[in-house]
Amino acid sequence: MKRVLETGNAAITEGAIAAGCRVFAGYPITPATEIAENMSRRLPQVGGYYLQAEDELAAMHIAVGSSLGGLKAMTATSGPGFILYADPYGWALGSEIPVVVVNAQRVGPVSGITGAPGQGEFYFSRYPTQGGNFETIVLAPASVQEALNLTVEAFYLAERFRMPVTLLADQLVTDGWESLSVPETPDDVAAMGLRVLPRRIHSGPEFYPASDEIDVPPVVLGHNTGAACSDWTPTEQGYDTEEVEAQHKHAYRLIYKVRNHRDLLRRYEAYYLDDNPEVVLVSYGSPARVAKSAVKRARERGLKVGGIRLIGLWPFPEELFTLPAKYLSVELNNDGQLVREVQRAVPKGSAVHFFGKCGELPTVAELQRMIDALLSGEPLPANRWEWEAW
Amino acid sequence: MDPLAEKYLRPRKIPSTACSGCGLGQIHKKIVMAIDELGLGIEDVVWGTGIGCAGRQTFGAWKGDNFAGTHGRVYAISTGLRVALPRDKKIVLTVGDGDAFGIGLLHVLHCARRNLDVTVIVCDNLGYQSTGGQYGWTTPEGYKTDSSPYGMNEPNWVQGGRDVLGILREAGATFLARHTSLEGREAVEDIKKAIQNRGFSLVHMPFPCITNFAGRALGTRKPVEVYRWFKEHTDGNVPGKPGDALFKCGVYFDASNSRVEYSELVRNNVAEVQRRYR
């Protein structure tokens with residue numbers, strides 16, 4: 001194991017390599033370009049392939065195609081590229097092909113501000129393609145080390161659940177520099193508590209079982225298994241069909257293989273919740289670190305405030321929200337996305353408030369003012385952009 | 001059943017659900033004949049398709065491994081697949097004209113540039129027929145379709161001095177040919193050449209759509225009349241033999257095995273990096 005000072009982009013690269021990723025397909029985009037650059041340097045050293053695509057549509061299709069050929073694969077982008085993944089993301093979901101997708105969120109909509117952090121794809125990562133009838137798995141790192149660890153975990157889950165797994169990072173996590181432990185051997189990987197699952201190959205003929213089971217080997221072409229995988233609704237053998245009953249079976253599988261294994265996907269950090277705090281801050285990614293500092297500061301002042309940092313975003317861990325309290329969702333956007341899911345999850349007697357910033361982190365002082373106002377019942381301070389004369 | 005079909009195709013998919021008189025089966029059979037004559041087995045070929053008539057009719061018919069990709073993206077999928085698959089596997093793609101020359105053209109061009117080892121058979125029914133018969137990028141100019149009720153009035157990829165195969169040649173494809181589904185031996189021979197080229201091969205194969213194209217554009221759904229129309233508009237692609245034929249057939253460009261194939265290039269680069277840094 002080596003200890004280095006590195007960026008989240010480098011951490012994701014090393015995590016992918018430790019997880020056995022041997023193909024990266026990407027298209028340059030700030031702030032995820034460095035992942036592509038790092039992959040172009042590191043993959044050949046371990047016998048892997050860096051393939052630069054003509055656009056993001058091609059990038060993710062190449063990654064999924066490589067996975068269909070038996071190699072673990074990843075692609076990485078930011079919001080404007082993530083929307084172009086909609087097409088291959090749906091194909092990989094429907095055909096149940098493991099692949100890891102990184103989205104280093106920046107400020108939107110559209111090109112927005114390229115080099116500043118945002119959190120605009122919370123909902124988009126839940127529904128990254130059309131058609132419905134599926135669940136998604138989304139993990140959100142808040143530090144450089146966690147970016148590495150969750151990348152390894154994303155590959156592990158992708159193999160177990162036979163589906164794309166999204167790592168929903170933000171620009172501060174991917175561009176930020178922190179100290180990082182990098183595993184160099186399989187023993188290091190194990191010592192760090194990380195799990196790696198080698199690729200298995202489905203031998204057929206029931207490539208798409210009508211069940212919620214996980215740990216089904218994925219379809220891999222080139223082994224003469226008579227595999228059939230397509231963009232259409234499959235029969236259990238993989239033939240295209242327009243039978244509604246087959247569609248029901250397929251939808252059941254895509255939804256319930258995730259829903260019925262939520263316990264394997266629940267990842268969070270809860271702090272200061274044991275004494276029934278009046279105010280609970282909820283956040284994910286880099287703003288969650290400011291939120292934690294604000295909660296600690298409040299505790300130093302004797303205030304009953306707690307916090308939840310979500311790590312697994314989807315399926316949304318609504319079962320965490322059992323405590324009636326005043327919740328404050330802290331996000332890197334101005335419209336409030338996470339706040340709506342929290343509203344849906346909290347018990348009766350709770351209220352959910354929102355503090356949003358975009359392009360930069362909230363400050364501890366700003367969050368303290370919000371906490372103080374929530375505790376005292378005073379009107380909440382408005383967002384800065386709401387104060388300004390337009 | 002046809003002995004070739006028995007050897008290479010799945011009974012479940014035969015007969016296909018194609019309309020009466022459709023020329024797609026003629027193309028499908030010629031590809032299987034080419035594979036057979038090259039001595040390839042079901043384990044040697046991974047068969048990919050797009051969507052539409054070409055995709056739906058041919059997907060899952062091959063006894064070996066099959067995939068169907070999203071519309072226009074099988075070329076990108078095949079790029080990843082090619083790198084991951086053992087070198088000796090052939091990738092054959094049966095796609096439509098909309099898939100290859102419309103929505104997927106960017107990816108086709110980049111695969112030609114890469115000289116990716118795939119054989120693309122463009123099954124061209126002269127427009128978007130599985131959606132009911134809208135004009136496409138090879139629909140003959142002036143002909144009526146459901147979305148060109150006054151006649152197809154924009155430039156296509158195959159008339160007016162343009163040939164989509166010329167674009168692909170410039171992009172770096174190493175084998176290009178065109179044959180209608182009505183042609184026999186010469187089409188099979190060129191499909192064999194396409195498969196044997198370790199690089200990007202594309203065979204453009206126009207075929208008659210009786211139900212939608214002919215019904216609207218030619219005003220008849222009698223196969224014999226439609227096939228006659230096809231023959232009348234077919235020309236050999238022979239230098240010095242001018243003509244305004246819609247279907248200029250023959251080998252358009254053959255530079256088979258003349259430059260390094262993409263997955264080989266990628267593998268060589270990786271091997272070189274490993275040699276240098278070990």
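Q: Which residues in H2(A) meet Asn9(A), Ala10(A), Ile12(A), Thr13(A), Glu14(A), Ala16(A) and Ile17(A) in H1(A)?
A: This is a predicted model, in which local features need pLDDT of at least 70, side-chain atom pairs count only at pLDDT 80 or more, and totals for chains, interfaces and linings use all residues; side-chain values use heavy atoms, with hydrogens and water left out. Residues are numbered from 1 along each chain as its sequence is written, and chains are lettered from A and ligands numbered from 1 in the order in which they are written. Helices (H or I, at least four residues) and strands (E, at least two) are DSSP runs numbered from the N terminus, and contact means heavy atoms within 4.5 Å. The H2(A) residues that meet those of H1(A) are Glu34(A), Ile35(A), Asn38(A), Met39(A), Arg42(A) and Leu43(A).

Q: How many nonpolar residues does the contact of H1(A) with H2(A) have?
A: Nonpolar means Ala, Val, Leu, Ile, Met, Phe, Trp, Tyr, Cys or Pro, charged means Asp, Glu, Lys or Arg, and the others, Gly among them, are polar. By class, the contact of H1(A) with H2(A) has 3 polar residues and 3 charged residues, and its nonpolar residues number 7.

Q: What orientation does H1(A) have to H2(A)?
A: Axes are lines fitted to C-alpha atoms, for helices over the stretch in contact, and angles run from 0 to 180 degrees between N-to-C directions. H1(A), residues 8-18, packs on H2(A) at about 40°, with the axes 8 Å apart. Angles under 35 degrees count as roughly parallel, over 145 as roughly antiparallel, 65 to 115 as roughly perpendicular and the rest as oblique. H1(A) is therefore, relative to H2(A), oblique.

Q: How many charged residues does the contact of H2(B) with H8(B) have?
A: In chain B, helix H2 (residues 24-37) and helix H8 (residues 185-196) pack at about 60°, their axes 8 Å apart. Residues that meet here include Ile31(B) and Met33(B) in H2(B), and Val188(B) and Ile191(B) in H8(B). The contact of H2(B) with H8(B) has 8 nonpolar and no polar residues, and its charged residues number 5.

Q: How many salt bridges does the rule find across the interface of chain B and chain A?
A: The contact takes 41 residues from chain B and 42 residues from chain A. A salt bridge is a side-chain nitrogen of Lys or Arg within 4 Å of a carboxyl oxygen of Asp or Glu, and one such pair is Glu54(A) with Arg114(B), at 2.5 Å from N to O. Across the interface, the number of salt bridges found is 5.

Q: What area do chain B and chain A bury between them?
A: Buried area is the accessible area (1.4 Å probe) that two parts lose on being put together, summed over both. Carbon and sulfur atoms carry 60% of it, and the two chains bury about 3,400 Å².

Q: How many residues apart in sequence are the parts that Glu178(A) and Arg289(A) tie together?
A: These side chains form a salt bridge whose closest N and O atoms are 2.5 Å apart. Glu178(A) lies in strand E9 (residues 177-182) and Arg289(A) in helix H11 (residues 287-300) of chain A, so the sequence separation of the parts they tie together is 111 residues.

Q: Which residue does a cis peptide bond join to Thr30(A)?
A: Most peptide bonds are trans. Here omega is about 0°, and the proline concerned is found in the loop between strand E2 (23-26) and helix H2 (33-45) of chain A. The residue joined to Thr30(A) is Pro31(A).
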